[in-house]
Amino acid sequence: MKFLLLSLCALLTLSLSFELMAMPTLTVADRQIAITIDDLPAAASSAMTGAAIVQMTAKLLAALQQERVPAVGFVNERKLYHKWGEVDERIGALNQWLDAGFELGNHTFGHTSLNQVGLKEFEESVIQGETVTRLLMAQHGKKLRYFRHPYLDTGRDLQTRREVEAFLVSRGFRIAPVTMDAWDWNFAGVYDDAKKRDDKALQQEVVSNYLSYHTAVFDYFEKLSKDLLGYEPRQILLLHANNLEADHIRELIELLRKRGYRFITLEEALSDGAYGLPDTYVGEEGRGWIEHWAITMGRPPRGAPVFPESIGDRAKLLPHPQP
Ligand SMILES: [Zn+2]
């Protein structure tokens, strides 16, 4: 009996030491990412009541707070005025962000594309886009400091791009680039529609595609980062203020944690040297910054994952709310 016990002990010790030896291979990479959420107070604000926006915002922010994930929310102030009689509620939704300790940035008044309007109109949309936000930020002891280009459209020619950059700097803004983007907005419309019709199976299908497409996009940009820069910079993820994120951002956060990501502030992300790399990208199509760098280096990227067709087809059939 004693021998048996000793053998068992030896066996346990042996298996334990094997496990310890195997541990280094289980260690995941140390990755960092900042979360940014666009189109506040709500991407589909013209289709939502003020009360629904407040509720969605509370759920989204509670998830971020409980997960200890910092975020910057980018505002389109035109969305505050979509429904008269609800302006206070919509401004209240912006205050929810600030009361919870998050930061806000400018995303122009009317979600204006720099590729679609002239310089003057774009600059006016920037100025008009910060009236309320700047005031709310000041009330919370904060200074408005980040700007995000709608559609990631940074200009169709280099002169326009640079003039707008100089204009933004003169107004005290730092441009908030994006490196990871899995088009959550395109899932969100289909999700809202499924929710409205109480189609649980479709909601589940959307969520599962949303998570698997994010995985494909992370794989793609992590590899592209390494190929291009020799390392993975502190990434910046683009998401949007919608019900899909409010209901499921925790699953996305868990997915990122499993890949070895730590969540950092936008300020911390921007301290990465990659954001100072030469970037002369211009084009009709708004793109993420890793692709900007690749194109600038004369190495246009290939093999970007394709958006899930089943969701894309459904999204095309939906009425498109005003951005
Ligand atoms: Zn946007």
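Modeller: Happy to; here is how some labels come about.

Modeller: This is a predicted model, where local features need pLDDT of at least 70, side-chain atom pairs count only at pLDDT 80 or more, and totals for chains, interfaces and linings use all residues. Residues are numbered from 1 along each chain as its sequence is written.

Colleague: What makes strand β7 (residues 235-240) largely enclosed by the rest of the structure?

Modeller: A residue is buried if 20 or more other C-beta atoms, placed from the backbone, lie within 10 Å of its own, exposed if 12 or fewer, and partly exposed in between. Six of the six residues of β7 are buried, so the strand is largely enclosed. Q235, L237 and L239 point one way, while I236, L238 and H240 point the other way. Helices (H or I, at least four residues) and strands (E, at least two) are DSSP runs, numbered from the N terminus.

Colleague: How do you know that strand β1 (residues 31-40) pairs with β7?

Modeller: Two strands pair if DSSP finds at least two bridges between them. Six bridges join β1 to β7, and the two run parallel. A34 stands opposite I236 in β7. Strand β6 (residues 180-181) is joined to β7 by two bridges, also running parallel, with D181 opposite L238.

Colleague: Why are helix α7 and helix α12 called roughly perpendicular?

Modeller: Angles under 35 degrees count as roughly parallel, over 145 as roughly antiparallel, 65 to 115 as roughly perpendicular and the rest as oblique. The axes of α7 (residues 184-196) and α12 (residues 309-317) cross at roughly 65 degrees and come within 9 Å. The two helices are therefore roughly perpendicular. Here axes are lines fitted to C-alpha atoms, for helices over the stretch in contact, and angles run from 0 to 180 degrees between N-to-C directions.

Colleague: Why is E124 called partly exposed, and R68 exposed?

Modeller: E124, in helix α4 (residues 119-128), has 16 C-beta neighbours inside 10 Å, so this residue counts as partly exposed. R68 has 8 such neighbours and therefore counts as exposed. D198 also has 8, so D198 counts as exposed.

Colleague: What makes the phi of R68 worth a remark?

Modeller: Most residues other than glycine have a negative phi, and most peptide bonds are trans. R68 has a positive phi of about 55 degrees although it is not a glycine. D198 likewise has a positive phi of about 55 degrees. As for peptide bonds, the one from L40 to P41 is cis, with omega near 5 degrees.
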